[in-house]
Amino acid sequence: MTISTGDSVTIAYTGRLDDGTVFDTTDESVAEEAGLLDEQPDREFEPLTVEVGEGNLIEGMEQGLLGLEAGDSETITVPPEEAYGEADGDSVREFEPAQFEEMVGQEPAEGLQVRAQGGAVGTVVDVSADTVSVDFEHPLAGETLTFEIDVLDVE
């Protein structure tokens, strides 16, 4: 059975950047080698089951799955416009320190990851006495992503 929109699929995958850096995987041994176990200690690295077309995967990955079958292995290259978009450098918002602490519930610190009310994730990039700057651009914006995918099941 070939994958089409609406199918539930279970996949194992490893995602790499152009320089070979692993940014995501479902394989625990690959995660350990890439240092992802240390970065995400509470995550379980195991195959992912998703419904194709529900928007739970980036567009390019969903498109790359269409037409594959259980047992297939495929390498899918996803350009930025079908992943997290181009890096535009225009996603930094500034907050007053007191406003930031009230919204986030903790003191600002460079590198701190925060989630906005709308769900966007940002990183504190600068803290001064007057402002806290948070960059809401996705860390993978502007990157071409390559996924090595094994289709384990299709329903």
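Predicted model: local features only at pLDDT ≥ 70, side-chain atom pairs only at ≥ 80, totals over all residues.

Analyst: By class, the residues lining the largest pocket are 13 nonpolar, three polar and three charged. That pocket has a volume of about 370 Å³. Of its 19 lining residues, Y13, F23, D24, Y84 and L140 are the closest to the centre. Strand 2 (22-25), helix 2 (36-39) and strand 9 (145-154) are the elements that each give two or more residues to the lining. Strand 2 provides the largest share, with three residues.

The structure holds two aromatic pairs.

Now to the part you asked about. The open sheet is made of four strands in the order 5-8-7-6, and their pairing is antiparallel. Strand 5 (92-95) and strand 6 (113-115) are the edge strands; each has a single partner strand, so one side of each has no neighbour in the sheet. From one strand to the next, the twist averages 40°.

Strand 6 and strand 7 pair in the antiparallel sense over three bridges. In one of the contacts between them, R115 has V121 in strand 7 as its bridge partner. The two strands form a hairpin with five residues between them, and there G119 takes a positive phi near 100°.

Moving on, strand 7 (residues 121-127) pairs with strand 8 (residues 132-135), again in the antiparallel sense, over four bridges. V124 stands opposite V134 in strand 8, while D126 has S133 in strand 8 as its bridge partner. These two strands also make a hairpin, with four residues between them.

What packs on this sheet? Helix 4 (residues 97-104) does, and it touches strand 5, strand 6, strand 7 and strand 8. The direction of helix 4 makes about 105° with that of strand 5.

Finally, here is where the sheet sits in the chain as a whole. The secondary structure comes to four helices and nine strands. Read from the N terminus, the elements run β-β-α-α-β-α-β-β-α-β-β-β-β. Along its principal axes, the C-alpha trace spans about 60 × 30 × 30 Å.

To bring the sheet back together: the order is 5-8-7-6 with antiparallel pairing, the edges are strand 5 and strand 6, and helix 4 packs on the sheet.

Methods. Residues numbered from 1 in each chain as written. Heavy atoms only, no water. Pairing = 2+ DSSP bridges. Axes fitted to C-alpha atoms, helices over the stretch in contact; angles between N-to-C directions. Contact = heavy atoms within 4.5 Å. 1 Å grid on protein atoms, 1.4 Å probe; cavity = no way out; pocket = protein on both sides within 12 Å on 5 of 7 lines; lining within 4 Å. Points joined across faces, edges and corners; volume = space filled by probe spheres on them. Nonpolar A, V, L, I, M, F, W, Y, C, P; charged D, E, K, R; others polar. Phe/Tyr/Trp six-rings, centres within 6.5 Å; stacked < 30°, edge-to-face > 60°.
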